[in-house]
Amino acid sequence: MQEACALALVKWPAEGVPGNPRAWLVGVARHKALDRARREARRAGKEAAAASDPTAGPRAAAGSRAAAGPRAAAGPRAAAGPRAAAADPSPAAADELGLILMCCHPALDPAARIALTLRSVCGLDTRSIATAFLLPEATVAQRIVRAKRKIRQAGIRMWVPDGEELTDRLAAVFRVVYLVYSQGHMAAAGPELVRAELCDQAIGLARALAGLVPGEPEAAGLLALLLLTDARRAARTGEDGELVLLADQDRARWDRAKIAEGERLLETALRAGRPGPYQLHAAIAACHSCAASADETDWREIAALYGELIKYEPSPVVEANRAVAVAMSEGPAAGLVILDALGGNARLTSWPQFHIARAELLTRVGRRKDAAQAYQAALKLPMPAPERAHLERRLASLA
């Protein structure tokens with residue numbers, strides 16, 4: 001609990017107080033306690049194995065820091081199939097991965113590591129990074145400047161670490177790759193909804209990571225998540241580039257090869273018995289890819305998976321996504337209760353999807369005036385042109 005409070009003193013002033021501070025503290029404290037207990041429980045065995053096997057390499061324990069947690073996600077949506085092997089990464093992706101590992105040096109502040117990597121390695125502009133973090137642009141710019149100064153002053157070298165040092169950097173690298181894909185999957189602004197080059201770059205990096213740490217289930221989970229999500233890319237826009245909602249997409253246009261690979265990777269990751277946030281994200285994506293139609297989507301299971309995910313990522317964004325799943329499984333009023341409880345969070349109110357979700361649920365319960373105000377709040381925030389056009393049509397339909 002002391003470590004959780006110390007982390008809160010760093011994160012909350014910079015990122016805002018979460019909607020449920022007590023749940024945030026309890027979740028983080030539990031995660032840290034389980035992580036420490038598991039590491040200590042495995043220490044003796046790993047030390048004995050290393051002492052008795054002189055041929056063992058430093059990467060053998062690469063997955064020892066993965067977060068512990070319940071195995072609730074391991075069963076229902078794990079697709080049957082053989083163990084999946086990660087494809088070899090391209091040379092370009094391997095080079096980019098090396099640069100990312102340098103930017104994720106532990107001497108740098110965790111938030112600064114991710115911002116620096118997205119800016120310097122992946123080429124995202126400061127505004128897009130700020131949108132991904134739900135932070136002011138000036139705050140992100142300052143983090144990047146400080147990180148560059150630290151690299152110069154500390155003389156940090158560009159190299160790919162291994163063993164425990166590599167393990168310590170994986171969480172930040174996973175986060176970077178995830179955010180790169182997120183910015184490609186839904187652009188922060190601009191004329192296009194999808195930035196295909198960023199999606200492809202993130203998938204290449206995820207493949208490189210899976211090859212670098214083949215025994216790490218979160219690396220396989222991350223690659224599975226990106227493949228399962230990216231499989232819908234072609235169906236997300238119409239002929240004129242307009243937004244097509246998930247429920248209205250032509251599922252025949254989904255990439256079945258990516259779905260099959262993603263499901264195999266997820267099954268392999270879950271068999272390791274060390275669940276984590278990216279495996280849970282991938283399990284949620286699998287719920288959508290396994291459904292033959294929108295009506296057959298198992299929203300109750302998705303809500304349960306988001307409930308598990310909150311234990312690893314106690315953030316208002318995850319809670320908002322859970323609210324939507326609850327609304328789909330238990331009715332819009334139930335989802336609105338959760339969203340309204342989160343409404344005082346400053347970070348969340350700068351996220352367009354929060355207002356869009358409220359608007360959709362308010363429309364479903366017949367509160368059309370309130371729904372219009374929620375759409376208007378979303379339209380004041382940056383978003384890609386196809387999404388803006390879609391919201392304007394929705395707002396006009398309420399009138």
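Buried means under 20% relative accessible area. The model is predicted, and Y178 and Y278 are both buried in it. The structure holds zero disulfides, while the count of aromatic pairs comes to three.

**Aromatic pairs**

- Among the three aromatic pairs is F174 with Y278, which is edge-to-face because the ring centres are 5.8 Å apart and the planes stand at 70 degrees.
- F174 belongs to helix α7 (residues 163–185) and Y278 to helix α11 (residues 277–290), so this pair ties together parts that are 104 residues apart in sequence.
- Both F174 and Y278 are buried.
- Y178 and Y278 also form an edge-to-face pair, with 5.8 Å centre to centre and 65 degrees between the planes.
- The pair of Y178, in helix α7, and Y278, in helix α11, links distant parts of the chain, 100 residues apart.
- One aromatic cluster is formed by F174, Y178 and Y278.

**Charge over a ring**

- R232 lies over the face of W254, with a distance of 6.0 Å from the ring centre.

**Cysteines**

- A disulfide is a covalent bond between the sulfur atoms of two cysteines.
- For C287, the closest cysteine sulfur is that of C290, and the distance of 7.2 Å is too far for a bond, given a cut-off of 2.5 Å.
- C287 has a relative accessible area of 0%, so this residue is buried.
- C5 counts as partly exposed because its relative accessibility is 34%.

Definitions and conventions:
Residues numbered from 1 in each chain as written. Predicted model: local features only at pLDDT ≥ 70, side-chain atom pairs only at ≥ 80, totals over all residues. Heavy atoms only, no water. Buried < 20%, exposed > 50% of the residue type's maximum accessible area, 1.4 Å probe, protein only. Phe/Tyr/Trp six-rings, centres within 6.5 Å; stacked < 30°, edge-to-face > 60°. Helix = DSSP H or I, 4+ residues; strand = E, 2+ residues; numbered from the N terminus. Lys NZ or Arg CZ within 6 Å of the ring centre and 35° of its normal.
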